[in-house]
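The following exercises are to be worked with the sequence and the coordinates at hand. Each task is followed by a solution in steps.

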Amino acid sequence: MGKPLWACPCERYPSAVHPLARLIDANANRAREALRMMEDLARFALDDAALSADLKALRHDLRAALDALAERGLDRGMLLASRDTEHDVGTTTSTEAETRRDSPRDLALAAGARLSESLRALDEATKLVPPTASGATGVPSSARPCPPSQFESLRYRAYTAEQRLALALTTGRCPQWPLCLLLTESLCARPWLEVATAAIDAGAACLQLREKGLPDRELLARARRLVELAGPRGVSVIINDRPEIALLAGADGVHLGQSDIPIHDARRLAGDRLLIGLSAANADQARAAIRAGADYCGLGPMFPTTTKHKPTLAGPALIRDYLADPILAQRTHLAIGGITPGNAPALAAAGCKGVAVSSAVCSARDPAAVCRALLAALG
């Protein structure tokens with residue numbers, strides 16, 4: 001029966017501990033680097049103090065778990081002395097996937113994968129480190145098994161941290177629509193499909209189907225009809241409130257209100273197949289939406305509206321607050337509520353990049369003309 005790894009000297013490393021120490025040192029470095037990347041993403045890309053603090057604590061607990069190995073004869077100096085980057089055969093191998101990152105979420109997912117893999121390797125490798133030291137390497141005792149690994153619990157914490165971080169970071173797929181039509185048949189002066197077609201012809205980049213009273217079968221049929229109309233022309237289709245209808249219809253996304261199902265549950269259902277938007281009446285709600293994984297925010301109400309009565313108005317000041325936040329400013333937004341060609345310039349002055357409009361377009365005899373006027377007013 002062959003000797004275990006930690007007891008096998010080799011020509012390059014006459015000390016038997018070196019191969020195992022190299023493995024542990026390499027994975028410790030990899031885990032620390034991944035945690036630092038994740039912590040910085042939480043800190044700078046999300047401005048999330050709680051998640052940043054949790055990742056920092058995880059990083060410090062990793063250091064403590066590594067330092068605890070000194071009690072078993074494998075201290076920090078030994079790990080450093082065993083490092084041999086110059087002769088490491090793995091430094092020259094890489095894959096194409098390692099050289100490409102398309103979004104902050106890609107960075108988080110890559111770091112999360114490195115972290116969990118490294119912690120698993122540390123968990124397994126440290127089982128070969130004996131519970132007591134004898135000289136440089138120690139001798140394992142069958143009477144006293146190795147203590148439970150601290151790296152296992154760190155790995156479970158890492159899974160949760162990766163989930164929180166990756167879901168809060170945008171996929172980067174959500175465009176900034178200048179004009180989104182909120183389509184409700186009861187508001188339309190012309191047949192709803194004619195209104196949708198006219199809006200697309202006039203430059204609307206997104207259609208949101210908002211029909212709260214339709215039976216499910218009719219809602220799904222209408223959603224599919226919109227997708228058939230808009231998809232070939234590169235126009236996004238968003239379904240209000242109903243992620244399952246959005247998925248079945250092949251829509252681009254779903255828009256949720258503050259009282260609808262949580263973003264987390266919508267993401268469990270849809271994954272990254274749907275863009276998810278959330279209505280926000282203030283900057284704090286918008287920040288919470290982004291941290292929960294929203295791809296964009298509907299901001300409002302901007303002005304009084306006959307569609308939905310709101311006791312308070314956010315007004316254009318909310319646009320300024322949103323854009324003043326460096327994290328929020330990176331995300332798509334749509335101002336909503338009572339917007340017309342007459343008051344749209346006030347939104348443009350606040351820096352607004354996109355509006356969602358219902359009554360002003362739907363109730364017009366010439367919806368295309370209203371859409372063009374809105375786009376002109378926004379500049």
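**Exercise 1. The setting of one serine**

In which helix does S153 lie? Determine also whether S153 is buried, partly exposed or exposed, and identify the backbone oxygen that its side chain reaches.

*Solution.* The model is a predicted one.

Step 1. S153 belongs to helix α5, which spans residues 150-168.

Step 2. The relative accessibility of S153 is 42%. Buried requires a value under 20% and exposed a value over 50%, so S153 is classed as partly exposed.

Step 3. The side chain of S153 comes to 3.0 Å from the backbone oxygen of Q150.

Step 4. Between the C-alpha atoms of S153 and L119 the distance is 9.4 Å, although 34 residues separate the two in sequence.

**Exercise 2. The chain as a whole**

State how many helices and strands the chain contains, and what percentage of its residues count as buried.

*Solution.* 

Step 1. The chain holds 14 helices and eight strands.

Step 2. It has 379 residues, 46% of which count as buried.

Step 3. Consider the contacts between residues at least 6 apart in sequence: 66% of them link residues at least 24 apart.

**Exercise 3. The nonpolar cores**

Which residues touch the most other members of the largest nonpolar core, and which helix gives the most to this core?

*Solution.* 

Step 1. The largest nonpolar core has 66 residues, and those touching the most other members are L183, L226, M302, I339 and V355.

Step 2. Helix α7 (residues 216-230) is the greatest contributor to this core, giving seven residues.

Step 3. A separate second core comprises 35 residues, including L20, A65, L66 and A161.

Step 4. Take V355 and set aside its neighbours within four places in sequence: its contacts include W177, L179, L334, I339 and L378.

**Exercise 4. The buried side of helix α9**

Identify the buried residues of helix α9 and explain why they lie on the same side of α9.

*Solution.* 

Step 1. In α9 (residues 263-270), the buried residues are I263, A266, R267 and A270.

Step 2. These residues lie on the same side of α9 because the arc they cover around the axis is only 100°.

Step 3. The elements against which they pack are α5, α8 (243-249), β4 (253-256), β5 (275-280) and α10 (283-292).

Step 4. After α9 comes G271, which has a positive phi near 60°.

Key. Residues numbered from 1 in each chain as written. Predicted model: local features only at pLDDT ≥ 70, side-chain atom pairs only at ≥ 80, totals over all residues. Heavy atoms only, no water. Helix = DSSP H or I, 4+ residues; strand = E, 2+ residues; numbered from the N terminus. Buried < 20%, exposed > 50% of the residue type's maximum accessible area, 1.4 Å probe, protein only. Polar contact = N/O pair within 3.5 Å; in protein donor to acceptor, adjacent residues only side chain to side chain. Contact = heavy atoms within 4.5 Å. Core = buried A, V, L, I, M, F, W, Y, C linked by side-chain atoms within 4.5 Å. Arc of directions from axis to C-beta.
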